[in-house]
Amino acid sequence: MLRPFFLLVCLFVAGQTTLGAGGSSRNPVSLTRWAEENRFKAAFKAGIGELTLSNRWATLTFKRDNKRAVIDGVAVWLAFPVTAHDDDVWISSIDVEKTLRPILKPPRLETGGQIRTIALSAGHGGKDAGKQVGDHREKDYTLKLALELEQQLKRAGFKVVLARSTDQFVELAERPALAKRKGADLLVCLHYNAYAGPGSETARGIETYSLSPPATSATNDNENNPWPWLPGNRFDAENLLLAYKLQQAIVDGTDREDRGVRRAHFLELAQASIPAAYIEGGFMTNSDDANTIYDAAGRQRLAQSIVDGLLAYKRLVERRKPEVVTDTGRPPVP
Ligand SMILES: [Zn+2]
């Protein structure tokens, strides 16, 4: 009877430890001071509450009372809104550490480490059809995408592990476990969106999720309500970088709308013991998106851009010299 309570306490302590003694994930950091320390030029448009930080390596845009930031043209959802008061603009310390830093100063594999094997988890399957729009079932299209991606990844020199290769039901928890057992270096979960509620005509585009950082809510939780018992995992930096490179490559390669890098506590992400990302590759309820989902040529394009994103991630984390920070060069970040 004690076990669930014990587990909860352990997770809570783990979450607090990650934040540091007495620390809060929301501790505000002055963005203008951070910009100065990291050699960014700051421009604040008070009228629209928009702060742009730029230098020769990167451009970051933040909006007052808003969680949506833009980093080098890619939308990235922060854990907490940026605020403006006392003649300054403030960001949470956890966003500096877990959102900005992994992108501006990407993590690296240990010397000689390589990304060789990709695990693909085609969403749903068997008794679980996923989203359904008319006769179209999400589970069929995630499988088609996984099989197309398998071919393309092999051509690009990767080994591939499939969580499912037929219309079968595989438990969510089994998917990251299988990826680990088969020696995969990364886990990529493949899904499609659908939304038929109010405002559905504007619901379109690409989202890529990574696990929420410690003690924060998911992007799609409307209330700004941290979940203090959730600890993130030891791949927080890799998870976010992987999602960012995938989102960047997919939006570039497919020309679909950029709905941003988002955070969630999805079981597959939370239980992965390797870096993991979760792609929502468009809305089955939007006719432009649906064309690329149901159509083989559209799927090939989406698969190609996912391969491009994985290659971009691989290049970054396999880089050798600390001085060469990214493919374009990046500033140091504290
Ligand atoms: Zn799904």
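User: Which protein donors hold the zinc ion in this predicted model?

Analyst: Happy to walk you through it! In this predicted model, the donors lie 2.1 Å from the zinc ion. Along the chain they follow the spacing H-x13-E-x52-H. The protein donors are H124 (NE2), E138 (OE) and H191 (ND1).

User: Where in the chain do H124 and E138 sit, and how many residues apart are they?

Analyst: Good thing to look up in the structure. H124 belongs to the loop between β8 (117-122) and β9 (132-133), whereas E138 is in helix α4. This pair links distant parts of the chain, and the separation is 14 residues.

User: How are helix α4 and helix α9 oriented to each other: parallel, perpendicular or oblique?

Analyst: Helix α4 covers residues 138-155 and helix α9 residues 296-317, with their axes 9 Å apart. They pack at an angle of about 55°. Roughly parallel would need an angle under 35 degrees, and roughly perpendicular 65 to 115. α4 and α9 are therefore oblique.

User: What kinds of residues make the contact of α4 with α9?

Analyst: α4 passes α9 in a right-handed crossing. Residues in the contact include Y141, L145 and L149 of α4, and L302, I306 and L310 of α9. The contact residues divide into nine nonpolar, three polar and three charged.

Terms used
Residues numbered from 1 in each chain as written. Predicted model: local features only at pLDDT ≥ 70, side-chain atom pairs only at ≥ 80, totals over all residues. Heavy atoms only, no water. Axes fitted to C-alpha atoms, helices over the stretch in contact; angles between N-to-C directions. Helix = DSSP H or I, 4+ residues; strand = E, 2+ residues; numbered from the N terminus. Parallel < 35°, antiparallel > 145°, perpendicular 65-115°, else oblique. Left-handed = near helix turned anticlockwise from the far one by under 90°. Contact = heavy atoms within 4.5 Å. Nonpolar A, V, L, I, M, F, W, Y, C, P; charged D, E, K, R; others polar. Donors = N, O, S within 2.8 Å, 3.2 Å for Na, K, Ca; no water.
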